Amino acid sequence: MKTVKDVSEITGVSIRTLRYYDEIGLLKPTELTEAGYRLYDNKALEKLQEIMFFRELEIPLADIKEMMENPDYDREQALSAQKTLLEHKRNRLNGIIELIADVTKGVNTMSFEAFNNEDVQKIIDHTLSCMSKESIDMQVEEYGSMEKFREHLSSGFANEQVVADLLKWYGSKEKAMEAVMQATGDPGEIKEEQEENEKIYRRFMAAKENGDKELEHSAVEMLAENYKKMFALDNARNILLDLAKEYLQNGKLAEVTDSQFGTGCSAYVAQAIQGYYGV
């Protein structure tokens with residue numbers, strides 16, 4: 001048997017809180033000594049641990065008491081649900097910590113300055129410089145002239161959603177411009193990044209088949225690193241969450257992904273990404 005002081009030292013729950021739990025009937029002591037001191041056995045400590053898990057999820061004491069007094073209350077089922085919810089909470093906090101780390105490194109994550117015409121033309125000039133002559137000739141033939149092709153490229157920046165996504169992914173116009181200017185259009189580099197993506201998606205499917213959460217978790221981390229490399233990002237959280245959203249809409253991208261890696265791949269990757277970031 002443990003005294004209230006012993007329990008407090010073991011669990012970190014204050015003596016005052018333990019007394020309050022007794023008063024409201026949430027956690028009664030196993031027995032009282034003749035002098036009125038509370039004593040707790042191992043079963044009571046296990047119950048206290050469950051209460052502490054619920055409190056980490058910010059569930060009100062009255063709701064915890066109601067759940068635990070329900071005749072259908074299943075301890076193992078409750079622990080499993082608590083584990084899942086706490087993992088989501090941890091992952092959400094991990095995402096916030098990543099953003100804080102970016103801010104402390106001087107990354108501007110909240111700038112919404114739009115691209116002006118000079119910015120757009122600079123991006124187009126760099127894009128054209130990275131394209132092969134054959135590719136440019138094909139596009140000019142399709143659009144009728146170089147001027148029309150440039151107008152087509154410029155039109156993307158008239159799409160408010162596209163611009164909003166870029167600013168969200170990079171944190172500022174300046175970071176987006178910097179990333180674009182780093183692009184070389186090197187086919188070998190692009191092929192290497194695509195091959196890495198394929199390896200990662202096969203890893204996702206192995207995790208799906210075996211129900212391996214650790215493998216799934218590592219696959220999301222690898223995908224984030226590859227996306228940071230591919231798009232010169234400081235943080236891949238937003239772009240991966242947008243990818244997950246796109247997959248769950250069951251559009252063309254999800255169809256292509258499932259066709260290449262197996263039925264259900266896109267939905268599984270989407271859920272893995274959202275789970276990793278606590279969404």
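This is a predicted model: local features need pLDDT of at least 70, side-chain atom pairs count only at pLDDT 80 or more; totals for chains, interfaces and linings use all residues.

User: Where does V140 sit in the secondary structure?

Analyst: V140 lies in helix α7, residues 133-143. Further along the sequence is R150, 10 residues from V140, with the two C-alpha atoms 9.2 Å apart.

User: What is the relative accessible area of V140, and how is that value read?

Analyst: Buried means under 20%, and exposed means over 50%. V140 has 23%, so V140 counts as partly exposed.

User: What about the whole chain? How many helices and strands are there?

Analyst: The protein chain has 15 helices and 3 strands. Of its 279 residues, 32% are buried. The chain exposes about 17100 Å², with 51% supplied by carbon and sulfur atoms. Take contacts between residues at least 6 apart in sequence: 62% of these join residues at least 24 apart.

User: How do I read a helix pair, such as α12 and α15?

Analyst: Two packed helices are described by the angle and the distance between their axes. Here, the axes of α12 (residues 213-231) and α15 (residues 265-276) come within 10 Å and cross at roughly 85°. An angle of 65 to 115 degrees counts as roughly perpendicular, so α12 and α15 are roughly perpendicular to each other.

User: Which residues make the contact?

Analyst: From α12: E216, H217, V220, E221 and L223. From α15: Y268, A272, I273 and Y276. The contact residues of this pair divide into 6 nonpolar, 1 polar and 2 charged.

Conventions
Residues are numbered from 1 along each chain as its sequence is written. Side-chain values use heavy atoms; hydrogens and water are left out. Helices (H or I, at least four residues) and strands (E, at least two) are DSSP runs, numbered from the N terminus. Buried means under 20% relative accessible area, exposed over 50%, partly exposed in between (1.4 Å probe, protein chains only). Contact means heavy atoms within 4.5 Å. Accessible areas come from the Shrake-Rupley method with a 1.4 Å probe; for residues, only the protein chains shown count as cover. Axes are lines fitted to C-alpha atoms, for helices over the stretch in contact, and angles run from 0 to 180 degrees between N-to-C directions. Angles under 35 degrees count as roughly parallel, over 145 as roughly antiparallel, 65 to 115 as roughly perpendicular and the rest as oblique. Ala, Val, Leu, Ile, Met, Phe, Trp, Tyr, Cys and Pro count as nonpolar, Asp, Glu, Lys and Arg as charged, and the others, Gly among them, as polar.
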